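Here are some notes for a colleague who is opening this entry without having seen it before.

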Amino acid sequence: MRPLFCVKILALTPVVPPVAVVIMNPSSQSPVTPKVNLLGLTRTQMEDFFVSIGEKKFRAAQVVKWIHQLGVDNFEEMSNVSKALRTKLANIAEIRPPEVIYKEFSNDGTRKWVLKVGENTMVETVLIPAEGGRKTLCVSSQVGCALDCSFCSTGKQGFQRDLTIAEIIGQVWVANRSYFEENQDYDSRERAITNVVMMGMGEPLLNFDAVVPAMELMLDDYAYGLSKRRVTLSTSGIVPMIDKLSSVIDVSLAVSLHAPNDELRNELVPVNKKYPLKELMAACQRYLMTFQGETGRRKITMEYVMLAGVNDQSIHAKQLIQLLKDVPSKINLIPFNPFPQAPYGCTPRSEILAFQRTLTEAGYICTIRTTRGDDIDAACGQLVGKVQDRTRRAERWQQKLKAGEIVRSVQ
Ligand code: SAH
Ligand code: SF4
């Protein structure tokens, strides 16, 4: 089985806000006026943008396609847009992805980027290839995380800030475009990313208003055109936001369960004290109910990190079977990725297999996440910890920079 790896809309807030202000401002030609970053606009928002500058709505589909499908970041390349409009756009707008300050492509096809999203602020994005040409991108939604799960290095660094729509979709843009680098022929450019998992840094449901529009772009045929089964949001269990999510967008849901009873989950995933298992399971059932008219029985992916001697005993497997009996689920066991100061170790492989067997025998689909990209530290659980220790990494980057291994701002 393939592993699942490690990423707001405005359905609610019509999103062109800072945009509209800027555009209507007669001083928009002034160099001090910030340009509108078109990378972070959904197609609907882009339509609003074009209408606000006195242009036709259909321009939105054209420009979204140029930006997201064809990986273009300057208006001059947009050959089906008139010269006059290209000049107008260049004066008031821009296509500005997050700056790539570090990238590593491994032999097994894994690709990893460190993106600068502010002074001393970085996030990582990891692309993991799989059989059949599948390419899964693990996307971050926040810098840090406020929820402080005891086994998670992102949690240990605390919360810094939410990522913007452009910074979230920019991760997909950067990864996708990396496949176009040597291809000047627009007609033969094909979207490379096949799956996105919102499993990087941060709790995506706590950055709802940026994560949802970014996921809309992932699903939009004019942008990344991913099927809703191939975009997965992973949450630690923010119950009201699970309900809100199902009311605005249809994507696959993964829940970071990690424990089969409240006592243990309170310890591992502290947000459980606010939204205990009974409420979380009910929210999962409601989520599935929303989409029950569809063919094929949908399931929620339950992520379960294997912590030696903590949550990996046969009693836990049995409790899990009971807990999930009324929630159509598949279970993904995640070998724990250690990080400095982590108070846990990973369950030995033989015991993970035994845990899996118990669940499989009870009728569950239970997979074990395999780790790829180890050679470049890109495996998912490691993602979070790497950005955290900036000092250590900065030193390593400096060393690699000296050794000529780092390509700066290549995208
Ligand atoms: N905040 C969201 C999404 C990001 S975490 C969530 O918690 O679901 C993505 C996944 O990586 C989660 O399942 C999380 O529990 C897991 N994870 C975090 N730290 C890990 C570690 N050290 N080893 C293995 N998995 C880890
Ligand atoms: Fe935050 Fe998810 Fe890490 Fe928990 S596991 S601290 S919710 S990123």
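**Notes on the model**

1. Asn 120 lies in the loop that links strand 4 to strand 5. Asn 120 is not a glycine, yet its phi is positive, at about 55°. Is this residue buried or exposed? Asn 120 counts as exposed, because it has 8 C-beta neighbours inside 10 Å, and a residue with 12 or fewer falls in that class.

2. A word on the model as a whole. This is a predicted model. The chain contains 14 helices and 14 strands. Of its 411 residues, 46% count as buried.

3. The average pLDDT is 85, and 80% of the residues score at least 70. Residues 375–381 have a pLDDT below 50, and this stretch makes 25 contacts in the model beyond near neighbours in sequence. Residues 406–411 also stay under 50, with 14 contacts beyond four places in sequence. Please read both stretches with that in mind.

4. His 258 also has a positive phi without being a glycine, here of about 70°. Its place is the loop between strand 11 (252–256) and helix 9 (262–268). His 258 is buried, because 26 other C-beta atoms lie within 10 Å and 20 or more are enough for that class.

5. Next, the strands on either side of the loop that holds Asn 120. Strand 3 (residues 99–105) and strand 4 (residues 111–118) run antiparallel and are joined by six bridges. Across this pairing, Glu 99 stands opposite Lys 116. The two strands make a hairpin with five residues between them, and Gly 109 in the turn has a positive phi of about 100°.

6. Strand 5 (residues 121–129) pairs with strand 6 in the antiparallel sense, over four bridges. Ile 128 faces Thr 136 of strand 6 in this pairing. Here too the hairpin has five residues between the strands, and Gly 132 takes a positive phi near 75°.

7. Strand 6 has a further partner: strand 9 (residues 195–198) pairs with it in the parallel sense, over three bridges. The bridge partner of Leu 137 in strand 9 is Val 196.

8. Which residues of strand 6 (residues 135–138) are buried on each of its faces? Lys 135 and Leu 137 are buried on one side, and Thr 136 and Cys 138 on the other, so that both faces are covered. In a regular strand, side chains alternate between the two faces of the sheet.

9. Helix 11 (residues 314–323) has Ala 317, Leu 320 and Leu 323 as buried residues. They lie on the same side of helix 11, because they cover an arc of only 120° around the axis. An α-helix has 3.6 residues a turn, so residues three or four places apart point the same way. The buried residues of helix 11 pack against helix 10 (277–290) and helix 12 (349–361). On the face turned away from that buried side are the exposed residues Ser 314, Ile 315 and Gln 322.

10. The residues around it include Cys 145, Cys 149 and Cys 152. Also among them are Leu 147, Asp 148, Thr 154 and Gly 155, as well as Gly 202, Glu 203, Ser 236 and Ser 256. This shell divides into four nonpolar, five polar and two charged residues.

Conventions:
Residues numbered from 1 in each chain as written. Chains lettered and ligands numbered in written order. Near = placed C-beta within 6 Å. Nonpolar A, V, L, I, M, F, W, Y, C, P; charged D, E, K, R; others polar. Pairing = 2+ DSSP bridges. pLDDT = per-residue confidence, 0-100. Contact = placed C-beta atoms within 7 Å. Arc of directions from axis to C-beta.
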